[in-house]
Amino acid sequence: MQSDPAEVKKTVRKYFMIGAALLLFTAITVAANLIHLAVPLAITVALIIATIKGSMVAAVFMHLNHEKKWIYASLMLTIVFFIVLLFVPLLTISDTFGTHISAPGAPAHGESGQERKD
Amino acid sequence: MNIPYTVETRPDTGLANGKLGIWLFLASEVMLFGALFSTYIILRTGAAEWPHGELSVLLGAINTVILISSSVTMVMAWASLKMNEWSKHRLYLILTFVLAGVFLVNKYFEYSEHLALGEGPWASTFLAIYFTLTGLHGLHIVGGMVVMAYFIGPGAKMAKTSPEQFTNRIEYTGLYWHFVDLVWIFLFPVLYLL
């Protein structure tokens, strides 16, 4: 984190450059959406661009490219918990991926409401 | 009684208390939005089909441009204070406040359009998660605007009585604001494009 006014003055240009780069990446994201890529590729491209943009905001605007170790330590802990939060719930349903689940009382998938003959 | 380490750094952490405090708060915010993103993934992977193209990409892209611009003006509000340029600081902070307001107006029109068509959060799983995520994000925008309004108005007095502490407060406000921008950077492709 810069504390010297002269040092801050040097970074002003960088802030505007990063802002311009973020706008450019936004335009690329929208343009990529217009191409109608296959869904897995579209998701990958959109999330990679979002991650690049997010990293730029965190590193430059939030000054994470030169912070104290206590900040990094608290963020590392957050990232670990964030990953757990994202993936642990998925494990609870991992054995049912791709399985159609009907609401209670609704006709089962593929039966079209007809009664089953035993 | 004075609160210690509001300006000077603590010898053990090398940070002022407010700095570590705002980062711990942002860590809790990551978990809050993380829980909702996790919910979104579960709902989407479990859905037999997922709607595509229900939201206006143009409005979403305009709001992305607005928030990115507001992040630039916010960091410039802090940098101007560091460079002792008071009038520029005021200009950039007011600009950030106005851009946040424009974001909400845009969001209002977007919500109105959906609700007029009967597409409320009750209409589908996608719309439920859309309104929840963007609604919570919108509340964060309102929270940021309240803080900015305070520093544009009555809170600005501190710049004369304790300029360093005021600069720190603007920095912490900026950290929060950039986080709100960061969340939108992920919300936009996830909700509007995929």
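This is a predicted model: local features need pLDDT of at least 70, side-chain atom pairs count only at pLDDT 80 or more; totals for chains, interfaces and linings use all residues.

Residues are numbered from 1 along each chain as its sequence is written, while chains are lettered from A and ligands numbered from 1 in the order in which they are written.

**Exercise 1.** Find how many helices and strands chain B has.

*Solution.* Start with the rule: helices (H or I, at least four residues) and strands (E, at least two) are DSSP runs, numbered from the N terminus. Counting these runs in chain B gives six helices and zero strands. Next, check the confidence: pLDDT, the predictor's confidence in each residue, goes from 0 to 100, and chain B averages 92.

**Exercise 2.** Decide whether B:Thr96 is buried or exposed.

*Solution.* First locate B:Thr96: it sits in helix 3 (residues 86-116) of chain B. Then recall the cut-offs: a residue is buried if 20 or more other C-beta atoms lie within 10 Å of its own, exposed if 12 or fewer, and partly exposed in between, with C-beta atoms placed from the backbone. B:Thr96 is buried because it has 26 C-beta neighbours inside 10 Å. Finally, look for its contacts (C-beta atoms, placed from the backbone, within 7 Å). Beyond neighbours within four places in sequence, B:Thr96 touches B:Ser70, B:Thr73, B:Met74, B:Ala77 and B:Met148.

**Exercise 3.** Compare the span of helix 4 of chain B with the expected one, and find what covers its buried residues.

*Solution.* The expected span is 1.5 Å times one less than the number of residues. Helix 4 (residues 125-152) has 28 residues and reaches 40 Å from first to last C-alpha, close to the 40 Å expected. Its buried residues include B:Phe126, B:Tyr130 and B:Met148. The cover over the buried residues of helix 4 includes helix 1 (17-46), helix 3 and helix 6 (163-193) of chain B.

**Exercise 4.** Describe the side of chain B that touches chain A.

*Solution.* Count first: 41 residues of chain B are in contact with 39 residues of chain A. Helix 1, helix 2 (57-82) and helix 6 of chain B each give two or more residues to this side. Helix 1 provides the largest share, 14 residues. Last, sort by type: 28 are nonpolar, eleven polar and two charged. Here Ala, Val, Leu, Ile, Met, Phe, Trp, Tyr, Cys and Pro count as nonpolar, Asp, Glu, Lys and Arg as charged, and the others, Gly among them, as polar.

Note on methods
Two residues are in contact if their C-beta atoms, placed from the backbone, lie within 7 Å.
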